[in-house]
Each structure stands twice: as structure tokens, then as C-alpha cells.
Amino acid sequence: MALIEISDEILGTFVPIAVYWLYSGMYMLLDGWDEYRLHPKGEEYVKNVVSKRTVVKGVLVQQAFQVAIALLLFKIIGDETGTAPTQPSTGVMILQLIVAMLVMDTWQYFIHRYMHINKFLYKHIHSKHHTLVVPYAFGALYNHPLEGLLLDTVGGALSFLVSGMTPRTGIYFFSFATVKTVDDHCGLWLPGNVLHLFFQNNSAYHDIHHQLYGSKYNFSQPFFVMWDKILGTYMPYTLETRKEGGLEARPVKKD
């Protein structure tokens with residue numbers, strides 16, 4: 001019996017979606033770990049103005065757009081013979097991943113920041129994401145479809161094309177970018193989270209941005225914080241233990 005062969009392009013399109021729901025599902029299983037929550041449990045129901053069912057529907061719509069654009073992109077740039085490109089050396093692949101991360105961060109910083117500066121775009125487009133004042137894992141990609149297309153899908157396509165990575169490398173990159181995005185929105189600060197060792201951009205950093213006092217700061221996503229630091233939109237914070245239990249990211253006043 002012949003095995004069904006699935007192309008790297010198809011895997012690169014659908015594996016990150018599976019990773020999104022599996023990784024965010026893991027965080028939902030940890031929902032009872034109140035001592036690691038960045039907000040009291042009750043705030044989620046008071047401050048968030050959309051239901052979780054609505055969020056799931058919104059994310060699925062965005063992912064449908066991502067699938068369509070990805071398949072179209074691979075159709076345009078693909079080899080007509082169907083031959084998979086040769087994987088580069090490990091060193092080259094690592095360099096491509098770093099380039100892709102920098103391209104994605106740059107694109108998302110400036111588009112994200114402009115959506116806050118432009119009142120029309122914020123009111124009609126980006127404010128949908130900020131209806132989740134208390135972020136949680138599977139709400140990471142809850143956006144207006146136009147924002148999802150412009151910020152995430154186009155940003156991902158640019159990262160892929162500029163870095164020159166192969167579709168197989170793209171599987172790794174977009175899966176990791178998905179993990180990082182979900183992690184930044186999980187609303188938890190778990191001890192031993194290895195991502196916190198390598199990235200200042202984390203769940204507490206992004207939680208600051210989701211609060212009213214931080215809406216003009218911490219635009220960087222999903223990897224580094226360099227553009228915030230370079231352009232003066234970096235808001236440092238301290239992680240404090242709340243009296244009633246759990247944690248809170250508190251902004252540090254800038255001089």
C-alpha cells in the first residue's frame with residue numbers, strides 16, 4: 001500500500017494551524033493555575049466584551065484567509081516540475097530564520113503602531129483585537145480579517161520571500177512564530193518557560209500593551225523588542241505578586 005505523500009507547501013500551510021490549536025489548548029488546560037495568572041480570573045469576564053465562541057469563529061476566519069493566501073503564494077512561486085528545493089546547510093537555514101524573524105518583527109511593528117496612530121484604522125480595524133483586554137491563548141489571532149491579512153498573512157509572506165527559505169524551513173519558522181504568538185497572549189507567567197530566557201517580548205510585556213495605559217507602548221511582536229527601544233515606545237515593567245494571589249505586570253514610570 002503506497003503512502004500518501006504530502007508536500008512541504010501543504011504542511012507549511014496547515015501544520016502551524018494545528019500547532020495554534022494544540023498549543024493554545026495546552027494553555028487552556030492550565031487555566032486553573034491561578035497563581036500564575038497575570039489577571040484575576042474574574043477580570044476576563046468583566047473586561048473582555050466578546051465571548052469565547054465569537055473569538056473561535058474570528059480566528060477560524062483569519063486562518064481560512066491565511067490558507068488561501070499561502071496556497072496561492074506557493075502556486076505562484078512553486079516549481080512546475082513539483083520537485084522540492086534542496087535544503088540549505090544548517091548554518092544557512094539558521095541565518096534565514098533570523099532574517100525572517102527580523103523581517104516579520106519590522107513589518108508588524110510599523111503596521112501595528114500605525115493602526116494605533118490612525119484613529120479610523122484603530123476604531124474600525126484594530127480595536128477588535130483589543131476587545132480582549134485580558135488576553136488568553138486562543139485569542140492570539142482574534143483580529144479583524146483585514147488586519148489578519150495585512151499584519152499576519154502579508155507579514156508572513158514577506159518573511160518567507162525575503163529570507164529565501166524553502167517551504168520545509170517555512171514549516172519550522174511559521175510553527176515557531178505561532179507558538180511565540182500564542183505564548184505572548186496566554187495570560188500566564190509560567191515558571192521555567194524557556195521562551196522567557198531568550199525573548200524579552202513575552203506574555204507580561206504584551207499584556208502591558210493590552211491595557212489602556214500601555215496602548216501607546218510595546219508594539220513589538222512576536223519576537224524581539226528592538227523597535228520599541230529604538231523608537232521610544234518601550235515600556236518596562238515589574239512582575240509583582242498580587243495580595244489576592246496571582247501576578248501582575250506593572251509599568252515602571254519612565255524618567
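Modeller: Helices here are DSSP runs of at least four residues, numbered from the N terminus. Keep in mind that this model is predicted.

Biologist: Which helix gives the largest share of the lining of the largest cavity?

Modeller: α7 does, with eight residues. α7 spans 167-184. α1 (8-29), α3, α4 and α6 also each supply at least two residues.

Biologist: Why is the space called a cavity?

Modeller: In a cavity, a 1.4 Å probe fits but cannot get out. The search found two cavities of 30 Å³ or more. The largest cavity has a volume of about 690 Å³. Of its 39 lining residues, the closest to the centre are Q66, D152, T153, G156 and F174.

Biologist: What makes G156 count as a lining residue of the largest cavity?

Modeller: A lining residue has an atom within 4 Å of a grid point. G156 is among the lining residues, so it meets that cut-off.

Biologist: How many residues of that lining are charged?

Modeller: Three are charged, against 19 nonpolar and 17 polar.

Biologist: What makes α3 and α6 a contact?

Modeller: Contact means heavy atoms within 4.5 Å. V61 and F65 of α3 are among the residues that make the contact, as are G148 and L149 of α6.

Biologist: Left-handed or right-handed crossing?

Modeller: Right-handed. That means the near helix is turned clockwise from the far one.

How values were computed
Residues numbered from 1 in each chain as written. Predicted model: local features only at pLDDT ≥ 70, side-chain atom pairs only at ≥ 80, totals over all residues. Heavy atoms only, no water. 1 Å grid on protein atoms, 1.4 Å probe; cavity = no way out; pocket = protein on both sides within 12 Å on 5 of 7 lines; lining within 4 Å. Points joined across faces, edges and corners; volume = space filled by probe spheres on them. Nonpolar A, V, L, I, M, F, W, Y, C, P; charged D, E, K, R; others polar.
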